[in-house]
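Subject: Structure handover

Hello,

Here is the structure I promised to pass on. Please open it first, then read my notes below.

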Amino acid sequence: MNWSALFDLIIERLKQVFGLYAFVLVPMWGMFFLNEVFLFGLWNIFGIVPRALDVGSMIGVFASWTMHGNFAHLLGNSITLLQILFLFELFENNAYRTTIKLIIASGAVTWIIGSPLSIHIGASGLCFAMLGYMIGGALFARRWGYLIACIVMGAGYWLTIKQGLMPQEGISFAAHFGGLCAGLLIGANSKHDYTALTRRR
């Protein structure tokens with residue numbers, strides 16, 4: 001075994017992991033403190049309002065993952081994302097592009113299926129979209145690395161996932177379920193891109 005090559009691969013992957021952390025978590029935390037200190041909470045009015053065609057709701061489809069109601073909300077989503085993003089980056093060749101796809105897809109599905117006159121904010125939709133992507137990749141695209149990731153996440157987050165997919169007051173079922181469905185669909189169709197990239201190496 002070429003230990004030097006293996007070490008270089010591990011270092012490269014870890015660099016990518018921290019890059020993805022910055023890509024997702026810095027906007028979340030930056031917008032939270034900007035909103036609290038300078039915008040007086042007004043950023044959150046641009047959350048997703050299902051089937052509303054105003055500019056604010058359209059912003060929410062793309063940016064609701066940067067909106068959080070309080071520090072506990074932000075911290076809870078951040079802790080979950082630290083673990084999901086680590087596994088996601090280890091096995092995903094197109095991590096940045098795929099993350100953007102999942103953000104938009106989960107926001108769009110939430111906009112379609114959410115209850116009228118509700119407003120949806122937070123990164124939990126993205127969390128469920130990433131979980132769905134890994135499950136879809138494992139089951140339908142035969143990306144076995146994601147099977148390992150699903151087992152790891154399932155063991156630690158089974159109760160959280162179960163509770164997140166049960167309608168509860170104050171929790172966005174539409175974002176959780178919509179994110180999961182969007183991720184499953186994109187993950188199930190990820191085999192072609194993954195195979196193409198693997199062959200070019």
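A nonpolar core is a set of buried Ala, Val, Leu, Ile, Met, Phe, Trp, Tyr and Cys residues joined through side-chain atoms within 4.5 Å. Keep that in mind for the core section. Please also note that this is a predicted model.

Overall fold

The chain has eight helices and zero strands. Along the sequence the pattern reads α-α-α-α-α-α-α-α. Of the 201 residues in the chain, 43% are buried. The accessible surface is about 10,900 Å². Carbon and sulfur atoms account for 72% of that surface. I also looked at contacts between residues at least 6 apart in sequence: 78% of them join residues at least 24 apart.

The core

In soluble globular proteins, nonpolar side chains tend to be buried together. Here the largest nonpolar core has 28 residues. Those with the most contacts inside this core are V24, M28, L81, L85, F88, M130 and M134. The largest share comes from α5, with eight residues.

What does F88 touch, not counting residues up to four places away in sequence? The list is L20, A95, T98, T99, L102, M130, Y133, M134 and Y146. M130 and M134 are on that list, and both are also among the residues with the most contacts inside the core.

Aromatic pairs

A search of the whole structure finds nine aromatic pairs. Two are worked through here.

F23 and Y96 form an edge-to-face pair. Their centres are 5.1 Å apart, with 90 degrees between the planes. This pair links distant parts of the chain: F23 is in helix α1 and Y96 is in helix α4, 73 residues apart. F23 has a relative accessible area of 30%, so F23 is partly exposed. Y96 is partly exposed too, at 35%.

W43 and F46 form a tilted pair. The distance is 5.8 Å centre to centre, and the angle between the planes is 55 degrees. Are these two residues buried or exposed? W43 is buried, because its relative accessible area of 17% is under the 20% cut-off. F46 counts as partly exposed, at 28% relative accessibility.

There is also an aromatic cluster, formed by W29, F32, F33 and F71.

The cavity

How many cavities of 30 Å³ or more does the structure hold? There is one. The largest cavity has a volume of about 130 Å³. The lining has 17 residues, and the closest to the cavity centre are I48, S64, S106, G122 and G125. α2 (55-63), α4 and α5 each supply at least two lining residues. α4 gives the most, with four residues.

A loop residue

Finally, have a look at S115. Where is S115 found? This residue is in the loop between α4 and α5. S115 is partly exposed, with a relative accessible area of 46%. Leaving aside neighbours within four places in sequence, S115 is in contact with P50, R51 and H120. S115 and R51 are 64 residues apart along the chain. Their C-alpha atoms are separated by 9.0 Å.

Over to you.

Best wishes

Terms used: Residues are numbered from 1 along each chain as its sequence is written. This is a predicted model: local features need pLDDT of at least 70, side-chain atom pairs count only at pLDDT 80 or more; totals for chains, interfaces and linings use all residues. Side-chain values use heavy atoms; hydrogens and water are left out. Buried means under 20% relative accessible area, exposed over 50%, partly exposed in between (1.4 Å probe, protein chains only). Contact means heavy atoms within 4.5 Å. Accessible areas come from the Shrake-Rupley method with a 1.4 Å probe; for residues, only the protein chains shown count as cover. Rings of Phe, Tyr and Trp (its six-membered ring) pair if their centres lie within 6.5 Å; planes under 30 degrees apart count as stacked, over 60 as edge-to-face and the rest as tilted. On a 1 Å grid over the protein atoms alone, a cavity is a set of points where a 1.4 Å probe fits but cannot get out, and a pocket is an open set with protein on both sides within 12 Å along at least five of seven lines; lining residues have an atom within 4 Å of a point. Grid points are joined across faces, edges and corners, and a volume is the space filled by probe spheres set on the points.
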